[in-house]
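Thanks for coming, everyone. Please look at the screen while I talk you through this one.

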Amino acid sequence: MSILLQIIFATLGVSIISFIGVLLLAQAKHHLFSRVTISLAAGALLGAVFFGIFPELFDHHEGESIEASILSSVILFSILGFFLIEKYLHWHHCHCDGPHHTHANKSVGYINLIGDGLHNFVDGALIATSFLISPGLGIVNTFVIMLHEIPQEIADFGILLYSGFSKKKALLWNFFSGITAVIGGIVTYFFALTVEIAIPYLLAIAGGGFLYLAMADIMPELHHEQNKKYIAWQAVWLILGILLIYLTTTLAPHGH
């Protein structure tokens, strides 16, 4: 089997397995997501940023010419950029589409899709890079990425539901976002050097987007809960989301 086919099968496999996990979760009742999944998603986003994206961002290019200050600036400006995107989407929907509260939250979903799409693209690029080095390394990295991708996609699905997407649309957009891993793998195969240079900047933008989403949109929403019982469970699921990403990113064997 050619290296290109191996890359396509590996990235497509990660996307499909993640989608199956989300599809099974989608059979649960909608109200479960309002209190449980949003807290889990907030923790998963923070875990993905601090245990997944940022370590990968700085370790993957250690010793190269990109300075940490440049990458930090990209993170900062991506946060500001996502803020402006959300303000624009909020203004557009509030003035053109009718009821504020129905559509304004969808900006959260769109921001998450942008960040998740970039993240998945980079995952596909990393899988492709590994297969270009050796098939064995490609298999190991595919397994590692699959471990952290499943809980990440489940959290993303919960965010899309929270932001007003129907289950059908949330599943569809979640799948499209996952397919960007395949695109990242194919593009890397043909333009390996160019994509390799772009990876740290894509990771920085994705990390800034996830960080903004967790801190500016999801966690403030958790403060609206007044029931003491659910407040305690929010903390539990928030920490569980962080631990879940921690376990699947830092304790799994790393091949890159």
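Let's start with a term. Buried means under 20% relative accessible area, exposed means over 50%, and partly exposed lies in between, with a 1.4 Å probe and protein chains only. Next, where this comes from. This is a predicted model, in which local features need pLDDT of at least 70 and side-chain atom pairs count only at pLDDT 80 or more, while totals for chains, interfaces and linings use all residues. Residues are numbered from 1 along each chain as its sequence is written, and side-chain values use heavy atoms, with hydrogens and water left out.

Now the overview. The protein chain has nine helices and zero strands. Helices are DSSP runs of H or I with at least four residues, strands are runs of E with at least two, and both are numbered from the N terminus. Along the sequence, the pattern reads α-α-α-α-α-α-α-α-α. Of the 256 residues in the protein chain, 48% are buried. One more term: a contact means heavy atoms within 4.5 Å. Take the contacts in the protein chain with a separation of 6 or more: 85% of them come from residues 24 or more positions apart.

Let's go to helix H5 and its partner. The axes of H5 and H7 come within 7 Å and cross at roughly 35°. Axes here are lines fitted to C-alpha atoms, for helices over the stretch in contact, and angles run from 0 to 180 degrees between N-to-C directions. H5 passes H7 in a right-handed crossing.

Who meets whom? On the H5 side, the residues include Asn120, Phe121, Gly124 and Ala125; on the H7 side, they include Ser177, Thr180, Ala181 and Gly184. By class, this contact of H5 with H7 has ten nonpolar, ten polar and one charged residues. Nonpolar covers Ala, Val, Leu, Ile, Met, Phe, Trp, Tyr, Cys and Pro; charged covers Asp, Glu, Lys and Arg; the others, Gly among them, are polar.

Two residues of H5 deserve a stop. Asn120 is found in helix H5, residues 106–133. Is Asn120 buried or exposed? Asn120 has a relative accessible area of 1%, so it is buried. Setting aside neighbours within four places in sequence, Asn120 is in contact with Glu149, Glu153, Ser177, Gly178, Thr180 and Ala181.

Further along is Ala125, also in helix H5. Its relative accessibility is 0%, so Ala125 counts as buried. Leaving out residues up to four places away in sequence, Ala125 touches Gly184, Gly185, Thr188, Val195 and Ile199. Ala125 and Ala192 are 67 residues apart in sequence, and their C-alpha atoms are 8.3 Å apart in space.

On to H6 and H7. They pack at an angle of about 140°, with their axes 9 Å apart. Why are H6 and H7 called oblique? Under 35 degrees counts as roughly parallel, over 145 as roughly antiparallel, 65 to 115 as roughly perpendicular, and the rest as oblique. H6 and H7 are therefore oblique to each other. H6 passes H7 in a right-handed crossing. Glu153, Asp156, Phe157, Leu160 and Leu161 in H6 meet Lys167, Ala170, Leu171, Trp173 and Asn174 in H7. Those residues divide into six nonpolar, one polar and three charged.

Now the rings. Rings of Phe, Tyr and Trp (its six-membered ring) pair if their centres lie within 6.5 Å; planes under 30 degrees apart are stacked, over 60 edge-to-face, and the rest tilted. The structure holds seven aromatic pairs. In one, the centres of the Tyr110 and Phe165 rings are 5.7 Å apart and the planes stand at 80°, so the pair is edge-to-face. This pair links distant parts of the chain: Tyr110 is in helix H5, and Phe165, 55 residues apart from it, is in the loop between helix H6 (135–162) and helix H7 (167–190). Tyr110 is partly exposed at 29% relative accessible area, whereas Phe165 is buried at 7%.

Phe175 and Phe176 make a tilted pair, 6.4 Å centre to centre with 50° between the planes. Phe175 is partly exposed at 27% relative accessibility, and Phe176 is partly exposed at 42%. Phe19, Trp173, Phe175 and Phe176 form one aromatic cluster.

Last stop: Leu46, in helix H2, residues 31–59. Leu46 is buried, at 13% relative accessible area. Leu46 touches Leu211, Ala214, Met215 and Met219, not counting residues up to four places away in sequence.

Key. Left-handed = near helix turned anticlockwise from the far one by under 90°.
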